[in-house]
Amino acid sequence: LLKAMKKIIVVLALVVACFSFATAQQETEAVKKAESQEITAQQALASPGIEFEATTINYGKIAQRSDPYRVFNFKNPGAEPLVIKHAKGSCGCTVPEWPKEPILPGETGEIKVRYDTNRIGAFKKTVTLTTNAPEERVMLIIEGEVDKKAAEPSGLPAKTGTPFNSGN
């Protein structure tokens, strides 16, 4: 009986030791993860950033050949200059213009997007920005519908003589 109790005590001691080791290891991993997240947050604060007023612009229903431009306004909330390395439309009908110079911390800028409003029908296009901010890629969306423009009269009305117009 004494031998059996010693075995039980040894087994329990091993179980407690294993449990303690596992718990300590989980706590160490949790601390490392928290420290890593804190470092990442500090790096994000010490780097450039990009915040848009809106990342989607809806043109609504517009007439064919109407104003093709829309503007996305943004700010650099970071602590370092923001550089937009590249901006690319999802097709040739969507052409972005972006600042080539760095946007200093706290300053604002704009991405001007031109959509080919000669294309009839609904559309949803994207502009992908590549920056030096931690979120490196940003996707902007334009959408809307272009209605066919009504036919214009073929010319001026024929001259007719009236009391105010002699017809000459």
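This is a predicted model: local features need pLDDT of at least 70, side-chain atom pairs count only at pLDDT 80 or more; totals for chains, interfaces and linings use all residues.

Me: Where is threonine 94 placed, and which residues is it in contact with, leaving aside its neighbours within four places in sequence?

Reply: Contact means heavy atoms within 4.5 Å. Threonine 94 lies in strand β5. Leaving aside neighbours within four places in sequence, its contacts are Gly89, Val113, Arg114, Tyr115, Lys125, Thr126, Val127 and Ile142. Across the chain, among contacts with a separation of 6 or more, 65% are between residues 24 or more positions apart.

Me: How many helices and strands are there in the chain?

Reply: Helices (H or I, at least four residues) and strands (E, at least two) are DSSP runs, numbered from the N terminus. The chain has one helix and eight strands, and from the N terminus on the order is α-β-β-β-β-β-β-β-β.

Me: How do strands of a sheet pair, and what is the order of the open sheet with mixed pairing?

Reply: Strands of a sheet pair through backbone hydrogen bonds, either parallel or antiparallel. Here, two strands pair if DSSP finds at least two bridges between them. The open sheet with mixed pairing has four strands in the order β2-β8-β7-β4. At its edges stand β2 (56–63) and β4 (84–89); each has a single partner strand, so one side of each is left without a neighbour in the sheet. On average, neighbouring strands of this sheet are turned by 15 degrees against each other, direction ignored.

Me: Which strands in this sheet run parallel, and which run antiparallel?

Reply: β2 and β8 run parallel and are joined by seven bridges; within this pair, glycine 60 stands opposite glycine 144. β7 and β8 run antiparallel with ten bridges, and glycine 121 stands opposite valine 146 in β8. β4 also runs antiparallel to β7 (residues 121–131), through five bridges, and lysine 88 faces threonine 128. In the hairpin of β7 and β8, five residues lie between the strands, and glutamate 136 takes a positive phi near 25 degrees.

Me: What is the order of the strands in the open sheet with antiparallel pairing?

Reply: That sheet has four strands in the order β1-β3-β6-β5. β1 (51–52) and β5 (94–97) are at the edges, each with a single partner strand, so one side of each is left without a neighbour in the sheet. β3 (residues 69–75) is joined to β6 (residues 108–115) by seven bridges, and phenylalanine 74 stands opposite glycine 109.

Me: Which residues touch the most other members of the largest nonpolar core?

Reply: In soluble globular proteins, nonpolar side chains tend to be buried together. A nonpolar core is a set of buried Ala, Val, Leu, Ile, Met, Phe, Trp, Tyr and Cys residues joined through side-chain atoms within 4.5 Å. The largest such core has 24 residues, of which Ile50, Phe52, Phe72, Phe74, Ile111, Leu129 and Leu140 touch the most other members. β2, β3, β4, β6, β7 and β8 each supply at least two residues of this core, and the largest share, four residues, comes from β8. Strand β8 (residues 137–147) has a covered face of Val138, Leu140, Ile142, Gly144 and Val146.

Me: How many salt bridges does the structure hold?

Reply: Side chains of opposite charge can pair when their charged atoms come close. A salt bridge is a side-chain nitrogen of Lys or Arg within 4 Å of a carboxyl oxygen of Asp or Glu. The structure holds two. Arginine 70 pairs with aspartate 67, their closest N and O atoms being 3.7 Å apart; arginine 70 counts as buried at 19% relative accessibility, whereas aspartate 67 is partly exposed at 46%. Aspartate 116 pairs with arginine 119, with the closest N and O atoms 3.5 Å apart.

Methods:
Residues are numbered from 1 along each chain as its sequence is written. Side-chain values use heavy atoms; hydrogens and water are left out. Axes are lines fitted to C-alpha atoms, for helices over the stretch in contact, and angles run from 0 to 180 degrees between N-to-C directions. Buried means under 20% relative accessible area, exposed over 50%, partly exposed in between (1.4 Å probe, protein chains only).
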